[in-house]
Amino acid sequence: MKYADLHPNIRIRIITDFFTDLTQKSIIPFMAIYLSIQIGAGLAGLLLTVNIVASMIVGLWAGYWSDRIGRKKLMVIAQSLQVVALLGLAIANSPWMDSIIVTCLMFLLSSLSSGITVPIANAMIVDVSSEHERHYVYGLQYWTTNVAVTFGALMGGLFFESFRFLLFSLVCLESLATLFILIFMIRETMDKRVFGCDDTPIQRNILKTYWAVFQDKRFMIFFTATVLAVSLEFQLDKYIAVRLKNEFTAQLFGSDVSGLHMFSLIMVINTVMVALVAIPFSRWIGRFQSRSIMTVGMLLYTAGFTVLAFSNWAWLLISSAILLTIGELMYAPVRQVMLAGMIPDSDRAAYMAADGLSYNAAALLGSLGLTIGAFLPSYAMAGLYVLMGLGALIFFRMLLRKAEEQNQHLPCADAS
């Protein structure tokens with residue numbers, strides 16, 4: 001499998017998604033700090049919550065309509081809104097204007113645009129890829145996303161505080177270029193013949209559509225497994241970061257290392273490993289069965305987070321960071337392929353939008369973990385992580401076993 005062998009839409013989306021992620025990660029992580037300074041932490045938190053909820057709602061709406069009127073139209077609309085939002089952010093933070101109200105409104109518009117784009121873009125990949133190709137595509141997409149996050153955070157760190165106008169102007173130009181690419185190079189991928197079948201529930205309204213999605217037992221097992229697995233990741237910058245700050249002190253190579261330093265080192269290890277070894281590593285494990293990859297990956301992933309929950313030994317923490325990264329590299333692409341293989345053709349974008357809710361639920365569990373950790377000792381939190389990781393593994397294996405029994409074998413992850 002090679003990049004050149006992929007459908008043109010997928011090749012274009014991987015490139016444009018990289019720059020979209022770069023844009024988002026250079027802005028969103030720093031907006032919370034900026035808004036807290038400008039309008040206070042309480043109001044800033046409320047605004048960010050409104051943005052998340054609004055993005056979730058509009059994502060469900062977009063998933064429903066994308067399955068009925070096509071992918072490209074809504075993607076162009078969403079990208080147009082993104083250009084307007086980033087242009088507004090640039091103007092509102094320019095040498096000629098400084099408006100926190102316009103900034104908040106444009107930030108909300110940007111969140112709405114992202115909420116529309118994500119489920120549709122995911123559905124488009126499924127539209128034009130085979131099961132074998134998806135392992136390569138999701139492995140490559142996982143790599144590009146992490147690289148974009150790294151460079152986005154670097155851009156934001158360098159420019160956001162003192163050069164917001166320049167930053168917003170640059171990402172606006174990038175977003176405008178993406179819009180032109182979508183208009184002139186992306187093709188419609190939704191097969192409208194799917195909706196010509198008599199048994200296709202095209203007449204269902206949006207509530208009935210999502211009621212049917214959440215009545216799908218296989219999908220709900222998958223949804224639950226995803227929430228449990230991803231919620232461990234959301235513990236990293238919440239409970240684990242706070243615990244390290246409060247409990248960890250050590251010497252490494254003759255220098256004093258604080259908890260915050262160790263947390264930063266863990267994040268660097270994760271990011272650098274993904275950027276450097278994700279593609280060759282995925283190629284190497286391509287010889288193994290999907291169920292074996294998922295099992296080993298989730299065990300390593302769970303073990304890594306479990307140790308981070310209680311250990312204060314520097315080298316063990318570093319080893320755990322390596323283990324959880326390897327585990328994530330193994331299980332994440334297989335999870336995506338599982339999702340693509342279980343959703344019906346007629347409701348692809350709707351299922352993708354519903355899957356997006358699992359990340360919101362996981363984020364809530366991540367925040368809840370910080371609260372629970374204030375009352376439980378670190379060993380109890382480690383035990384809780386074990387239960388969450390094993391629960392996710394059991395549910396994922398259950399689905400993979402059923403797929404194998406139905407002769408719907410999932411090929412191994414290959415991101416060559």
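The largest cavity is lined by Thr 20, Thr 23, Gln 24, Gln 79, Gln 82, Leu 86, Ser 113, Ser 114, Thr 117, Glu 174 and Ser 175. A cavity here is a set of points, on a 1 Å grid over the protein atoms alone, where a 1.4 Å probe fits but cannot get out, and lining residues have an atom within 4 Å of a point.

This is a predicted model, in which local features need pLDDT of at least 70 and side-chain atom pairs pLDDT 80 or more, while totals for chains, interfaces and linings use all residues. Residues are numbered from 1 along each chain, and side-chain values use heavy atoms, without hydrogens and water.

Let's compare the cavities. The structure has two of 30 Å³ or more, a volume being the space filled by probe spheres set on the points, which are joined across faces, edges and corners.

| Cavity | Volume | Lining residues by class |
|---|---|---|
| Largest | about 80 Å³ | one nonpolar, nine polar, one charged |

Which helices each supply at least two residues of the largest cavity's lining? They are H1 (8–25), H4 (71–92), H5 (100–127) and H7 (164–185); helices are DSSP runs (H or I, at least four residues), numbered from the N terminus. Around the second largest cavity you will find Thr 23, Gln 24, Ile 27, Ile 28, Phe 107 and Ser 110. There, H1 and H5 are the elements giving two or more residues.

Note on methods. On a 1 Å grid over the protein atoms alone, a cavity is a set of points where a 1.4 Å probe fits but cannot get out, and a pocket is an open set with protein on both sides within 12 Å along at least five of seven lines; lining residues have an atom within 4 Å of a point. Ala, Val, Leu, Ile, Met, Phe, Trp, Tyr, Cys and Pro count as nonpolar, Asp, Glu, Lys and Arg as charged, and the others, Gly among them, as polar.
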